[in-house]
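Subject: A structure for you to look at

Hi there,

Here is the structure I promised to pass on. Please open it beside this email, and then read on for what turned up in it.

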Amino acid sequence: MRGWLRYFALNAQVRTGVSGWVLVWALIAAAAAAAATVFLLVAAFVWLADRYGSLTAGVVLGCAFALIALIALLACLIARRRNMQRARLELAARNSASWLDPKLVAVGVQIGQAIGWRRRASRAPPAVLAGSVAKEWSARAKPAEDDAAEDDAEAASED
């Protein structure tokens with residue numbers, strides 16, 4: 001089991017480049033960026049307070065952060081919608097082409113040759129029945145997911 005975990009960790013490290021030291025330095029960078037942000041905000045508040053008054057400085061900085069939050073929220077909703085659409089398209093492409101995949105057919109032929117066609121032919125009808133039932137169940141669950149996604153979209157547009 002430990003070998004598998006190490007394999008997955010190395011595979012993730014190859015794809016992302018993340019290790020323990022990378023995380024440590026990233027945390028140090030994040031803490032330094034947060035401290036710099038706080039000092040710059042204090043400096044901006046002091047400058048605005050000297051120039052226009054403390055109430056105006058607070059309102060200006062508050063409105064700026066509210067605007068940033070709204071922009072980030074809109075970007076989040078747009079990215080979420082794109083991810084959902086991309087996932088739907090990929091699932092549709094995967095479901096329609098999964099039975100006709102040449103690799104899958106080649107593996108089936110090899111299994112048939114290894115087991116023998118007579119034994120495999122007797123096991124084929126239950127396998128086909130199980131596959132069609134599974135596909136039917138997944139098709140029934142899909143409209144409920146679409147309704148939930150539409151409800152989320154309607155709730156987001158009302159806010």
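The secondary structure of the protein chain comes to five helices and zero strands. Here helices (H or I, at least four residues) and strands (E, at least two) are DSSP runs, numbered from the N terminus. Read from that end, the elements go α-α-α-α-α.

Before the details, a word on where the values come from. This is a predicted model, in which local features need pLDDT of at least 70 and side-chain atom pairs count only at pLDDT 80 or more, while totals for chains, interfaces and linings use all residues. Residues are numbered from 1 along each chain as its sequence is written, and side-chain values use heavy atoms, with hydrogens and water left out.

How confident is the predictor? The protein chain averages a pLDDT (the predictor's confidence in each residue, from 0 to 100) of 79, and 71% of the residues score at least 70. Confidence is highest in α2, at a mean of 94, and lowest in helix α5 (residues 117-158), at 63.

Next, the surface. Of the 159 residues, 4% count as buried (buried means under 20% relative accessible area, exposed over 50%, partly exposed in between, with a 1.4 Å probe and protein chains only). The chain exposes about 13,500 Å², and carbon and sulfur atoms supply 69% of that area (Shrake-Rupley method, 1.4 Å probe; for residues, only the protein chains shown count as cover).

Now for α1. Its 15 residues reach 21 Å from first C-alpha to last, close to the 21 Å expected at 1.5 Å a residue (the expected span is 1.5 Å times one less than the number of residues). The count of buried residues in α1 is zero. Q13 sits in this helix, which covers residues 2-16, and Q13 counts as partly exposed because its relative accessibility is 33%. Leaving aside residues up to four places away in sequence, Q13 touches V18 and S19 (contact means heavy atoms within 4.5 Å). Just after α1, G17 takes a positive phi of about 80°.

Helix α2 (residues 20-52) has 33 residues and reaches 47 Å, close to the expected 48 Å. W21 belongs to α2 and counts as exposed because its relative accessibility is 63%. Together with V24, W25 and I28, W21 forms a nonpolar patch on the surface, with about 490 Å² of accessible area. Patch residues have over 30% relative accessible area and no salt bridge; like charges are joined within 9 Å, nonpolar side chains (Val, Leu, Ile, Met, Phe, Trp, Tyr) within 5 Å. A salt bridge is a side-chain nitrogen of Lys or Arg within 4 Å of a carboxyl oxygen of Asp or Glu. After α2 comes G53, with a positive phi near 110°.

Happy exploring!
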